[in-house]
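Thank you all for coming. I would like to walk you through one structure, going slowly for those who have not seen it before.

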Amino acid sequence: MEAPAYTKIENLKVTVFQAYVFWENIEKNLKNLTLRLSMGVREKTDLIVLPEMFNSGFSMNAAALAEEMDGKTMQWMEKMARLYDCVVTGSLIIKDGDKYYNRLIWMDKNGEYKHYDKRHLFGLGDEDKNYDQGKDKLIVELKGWKIRLAICYDLRFPVWLRNVDQEYDILLLVASWPDKRSSHWRALIPARAIENQCFVIGVNRVGHDGNQIYHSGHSMCIDPYGKTVYYKPEDEDLYTFSINYEELILNRRQFPFLKDADQFKILS
C-alpha cells in the first residue's frame, strides 16, 4: 500500500505563558497578563497558550468567580487575539445557564471562538462537586494543524485522549498541576506524545495558590519521538517556539503504529 499523500503545512509558532496566577483576583490577573504579554511577545506567533483558570487560579468558588460567555475575560481574550493577530487559549470558570464549567476557550483573532468543557473533574479537590462535567471532545484547526484540546486531569486518562485514526496532530493541555505530583506530569506528557504519535504541549502555572499548594510549572512541548522541544521548571516563563509538520509525518511513516491500534468507542 502506498503511503498517504500529505499536504505541505507550515510550521506552527506557539507562545506559552507559564504564569503566576493571583488567587481569585480576576482584575489583577488580566492586568498582569496584559503587561507580561506586551513585554514578552516579541515576534509574530500563531497561538498564545495560558494555564488552567488563568484569571482566578484553580478555585472551587465557582459561584463568586464565574463569568458569562460575554464577560470581561472573554472580552479580554478577544482583545488579545486581535492585538497579537493570533489564537489565544486558556481555561476559566464559566456559568452557562444554571451550571458551572471549567471551560477552555479557543479564541480566534476574528472574535469567533470554540470551547471545550473539562471532561475529567478532579475529585480529590472536589472539582466534581462544584463544576459540571463536559461531554464532548474538541479538535480545532490552525494553519492546517489539527489540535485536540484538554485540561489538566484529562492527562491521566489515555482512552479519552487516544488519537483515533490520526484525527489530531497536537494534544494541547492547560493545567494547574501541583508540584507534589510533578513527576507524574513529567512522565505522562511524553507517554501521550509517543503513544499518540503527536506533539504534546502542556502549559502549567507556577507559585502558591490560595490553599498554599505549590505549582512548579514544568511546562513543555514533546515531539512524537518523545524528544523535548521546550521545557521550563519553576520560574514564570513566556516563550515562543516552532514545531515542524514534516517531522510529524516522518515519524508516522517510519513507525506506522497507529494503524494497529484497537478500535473502540467511549459509550458515556
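What we have here is a predicted model, in which local features need pLDDT of at least 70 and side-chain atom pairs count only at pLDDT 80 or more, while totals for chains, interfaces and linings use all residues. Residues are numbered from 1 along each chain as its sequence is written, and side-chain values use heavy atoms, with hydrogens and water left out.

Let me begin with the pocket. On a 1 Å grid over the protein atoms alone, a pocket is an open set of points with protein on both sides within 12 Å along at least five of seven lines, a cavity is a set where a 1.4 Å probe fits but cannot get out, and lining residues have an atom within 4 Å of a point. The largest pocket has a volume of about 330 Å³, a volume being the space filled by probe spheres set on the points, which are joined across faces, edges and corners. Of its 21 lining residues, those closest to the centre are Phe-58, Phe-122, Ser-176, Pro-178 and Arg-181. By class, the lining of this pocket has 10 nonpolar, five polar and six charged residues, where Ala, Val, Leu, Ile, Met, Phe, Trp, Tyr, Cys and Pro count as nonpolar, Asp, Glu, Lys and Arg as charged, and the others, Gly among them, as polar.

Turning to the cavity, the structure holds one of 30 Å³ or more, and the volume of the largest cavity is about 70 Å³. Its lining includes Arg-162, Asn-163, Leu-258 and Phe-264, and it divides into four nonpolar, two polar and three charged residues. Asn-163 lies in the loop between helix H5 (158–161) and strand E8 (170–174), helices (H or I, at least four residues) and strands (E, at least two) being DSSP runs numbered from the N terminus. With a relative accessible area of 2%, Asn-163 is buried; buried means under 20%, exposed over 50% and partly exposed in between, with a 1.4 Å probe and protein chains only. The side chain of Asn-163 reaches the backbone oxygen of Tyr-168 at 3.0 Å.

Now to the rings. There are 11 aromatic pairs in the structure; rings of Phe, Tyr and Trp (its six-membered ring) pair if their centres lie within 6.5 Å, with planes under 30 degrees apart called stacked, over 60 edge-to-face and the rest tilted. Trp-177 and Trp-185 form a tilted pair, at 5.3 Å centre to centre and 50 degrees between the planes, and both of these residues are buried. Phe-255 and Phe-257 form a stacked pair, at 5.6 Å and 25 degrees, in which Phe-255 is partly exposed at 33% relative accessible area, whereas Phe-257 is exposed at 54%.

Finally, which backbone angles deserve a mention? Most residues other than glycine have a negative phi. Met-53, in the loop between strand E2 (47–49) and helix H2 (62–65), has a positive phi near 45 degrees, and it is buried at 0% relative accessible area. His-218, in strand E11 (residues 214–222), has a positive phi of about 65 degrees and counts as buried at 7%.

How values were computed:
Polar contact = N/O pair within 3.5 Å; in protein donor to acceptor, adjacent residues only side chain to side chain.
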